[in-house]
Amino acid sequence: MGDNVSYDSNAIIINGERRVIFSGSIHYPRSTDAMWPDLIQKAKDGGLDAIETYIFWDRHEPQRQKYDFSGHLNFIKFFQLVQDAGLYIVMRIGPYVCAEWNYGGFPLWLHNMPGIQLRTDNQVYKNEMLTFTTKIVNMCKQANLFASQGGPIILAQIENEYGNVMTPYGNAGKAYINWCAQMAESFNIGVPWIMCQQSDAPQPIINTCNGFYCDSFSPNNPKSPKMFTENWVGWFKKWGDKDPYRSAEDVAFSVARFFQSGGVFNNYYMYHGGTNFGRTSGGPFITTSYDYNAPLDEYGNLNQPKWGHLKQLHSSIKLGEKILTNGTHSNKTFGSFVTLTKFSNPTTKERFCFLSNTDGTNDATIDLQADGKYFVPAWSVSIIDGCKKEVFNTAKINSQTSIFVKVQNEKENVKLSWVWAPEAMSDTLQGKGTFKENLLLEQKGTTIDSSDYLWYMTNVETNGTSSIHNVTLQVNTKGHVLHAFVNTRYIGSQWGNNGQSFVFEKPILLKAGTNIITLLSATVGLKNYDAFYDTLPTGIDGGPIYLIGDGNVTTNLSSNLWSYKVGLNGEIKQLYNPVFSQETSWNTLNKNSIGRRMTWYKTSFKTPSGIDPVTLDMQGMGKGEAWINGQSIGRFWPSFIAGNDNCSETCDYRGAYDPSKCVGNCGNPSQRWYHIPRSFLSNNTNTLVLFEEIGGSPQQVSVQTITIGTICGNANEGSTLELSCQGEYIISEIQFASYGNPKGKCGSFKQGSWDVTNSALLLEKTCKGMKSCSVDVSAKLFGLGDAVNLSARLVVQALCSKK
Ligand code: GAL
């Protein structure tokens, strides 16, 4: 028996039930299948109704019509787990996905198909998109995964934010989006199709909104529901960037404003961001971590207070679900910034209110007469059940804060013993490649992205005249990284800001006779966004490359005979694979092998006991890629340090958010820690292989686990303080407790002007030794009898430990 999914402007209607839907993005290839059940459960516990994911074409069809749906690419299994948990799926097929994913999710073989143009009215492209989309839809149909078949998929998306980039594609763009709509509708999946950021979405496709705030959005058909497909809970990170974060208060504000203004569907992008394993990160320069400051952190731990605050928000809005989806609403304003929105059900006469204050600086106190008096902090929304009782305010956080710590708990892992092997370069340094061309090739079209690396080599003959002195080599490259060698000697390296094009210029020494110029160009994630982004060249692509001598005598080498080689010899020999790595002789680490460019390092380590997530501290390393037991955990670049400016310890949640507003981790590596999923580990010892491209030291590299450390709670008089170690650990110590008017924040609380002396004792009695505890905060409990109007609050800081 299938479910009937329909909608009107007030609700998503499932089997006649009028619903508002909370959804969260979890991209299945950004975690492992072993992690899925836990992530899904935590999403459910957080009050979500649905999980949203893209489908990742490049991973499923790495070679044309050779498909892979194994392991963490088994999206059918992912959907089934979501269904088992009682949640819905929003399936965003794309198959263009953006998503900070390599090449926006397009497989690279598409790029080289004769006559192809991506994302436009082009038959070659449309055929491939149709073939892949049909395959995905049919797989879902065969597994009965559409709601119409009794499955979890309630909505499906075609394309992604095409409206944002459509204008430059002209009429062909318009024709393409119409074709997308017709193709989607022709699949007869029995559930609605959506397009995001597509204000001209052909009917009956619902156009939806992505952004930090979508309250002022309205769909292009008044009968369509107002949907927020991407509420960005934080932001992604690039190599060289600081850590962007977005406060729980502001995310909650955005969601509450959306529902206040008639929204019926909100999806968090991301709910769990996860990890860009292997070479899947988009670009250029997207980091391996895709944490996104999401409610579930990269490792799958609850990011508190965000997770808990949003959980309370969901249950508060759900209190009004019947009224929001059945009623009419009216607004009443108080001054320029405060709005009371009253939803009422004409039949039952029930009411549900939102009271918002969009002023970025001034708090407000609003007197609703018989309905009470409300304190609405600046930039916040109060949710008022029955229009009489405040159940939630987006700026008043009652959820606990959790601070995770990294620990090293295996004696054997304290000092890892490393061996190393040089990347064999005798062929390329001698100018020997595998094919030749009389031009400078575009990189991704040449490598088809089978590797980050492409060697460009040529010979330069000199006859011993004066021009051979004071020569400068100038390479104009489209990026992303360049290393240069002349006559087997290293000359220098360079990369552009954010992976942009740059000019490399270095004096070189040429000898009389034949000189060999060897250039190694590396990509760091292929571009994933913008009109025609797919055609943006990478690598040296036409250069030009010049030799500039005394008196500006210039030789253009661009149409020399260039020899090419794709990839590294170590990649070809699979040095990262524990089986094949045995065929190479490895040397013990010595002074000369530290800080060495183009070097492979290998060690073994013991699997940390327990179930805490595992992470690799890459402090000291330069740039490269890391493999555990042959599986890539991604690129690393810890030597890329984030700028030292504009970091704020705290971030004012008030006022419109943008990704540069709240950043942390100033002056530190953009990414120092790299997730090692437990399912990549063996029961006992593991092989870790690193390829180091620019020089670093593995001596400080270590394997650690991530465990809950300090937790803090905060509750006002009359409410309940809840604390939990969120797992197997127990509260072992109350480090601070104060009932009164305490100051400061988690990690640095201080007593205020008054408090009850033995606050901590009471907490110890209730909480010590427990996995979780709760305290109903009242003056009475703290021995102050029936004292009223104390406006006191309780704050607690506790430590979680193993039993
Ligand atoms: C959106 C896009 C997503 C993601 C996001 C930024 O524009 O649809 O896929 O790229 O931006 O994280």
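How far does a polar side-chain atom of N160 lie from an oxygen atom of the ligand? The distance is 2.9 Å, a polar contact (a pair of N or O atoms within 3.5 Å).

Keep in mind that this is a predicted model, where local features need pLDDT of at least 70, side-chain atom pairs count only at pLDDT 80 or more, and totals for chains, interfaces and linings use all residues. Residues are numbered from 1 along each chain as its sequence is written, and side-chain values use heavy atoms, with hydrogens and water left out.

| Residue | Distance |
|---|---|
| Y54 | 2.7 Å |
| N160 | 2.9 Å |
| Y292 | 2.6 Å |

Now for the helices (DSSP runs of H or I, at least four residues). Helix α5 (residues 123-142) and helix α7 (residues 170-186) cross at roughly 25°, and their axes, lines fitted to C-alpha atoms over the stretch in contact, come within 12 Å. α5 and α7 are therefore roughly parallel to each other, the word for angles under 35 degrees. Y125, K126, M129, L130 and T133 in α5 meet Y176, W179, C180 and M183 in α7, where contact means heavy atoms within 4.5 Å. That set splits into seven nonpolar residues, one polar and one charged.

Helix α1 (residues 36-45) packs on helix α3 (residues 75-84) at about 40°, with axes 10 Å apart.

How values were computed. Axes fitted to C-alpha atoms, helices over the stretch in contact; angles between N-to-C directions. Helix = DSSP H or I, 4+ residues; strand = E, 2+ residues; numbered from the N terminus. Polar contact = N/O pair within 3.5 Å; in protein donor to acceptor, adjacent residues only side chain to side chain. Parallel < 35°, antiparallel > 145°, perpendicular 65-115°, else oblique. Nonpolar A, V, L, I, M, F, W, Y, C, P; charged D, E, K, R; others polar.
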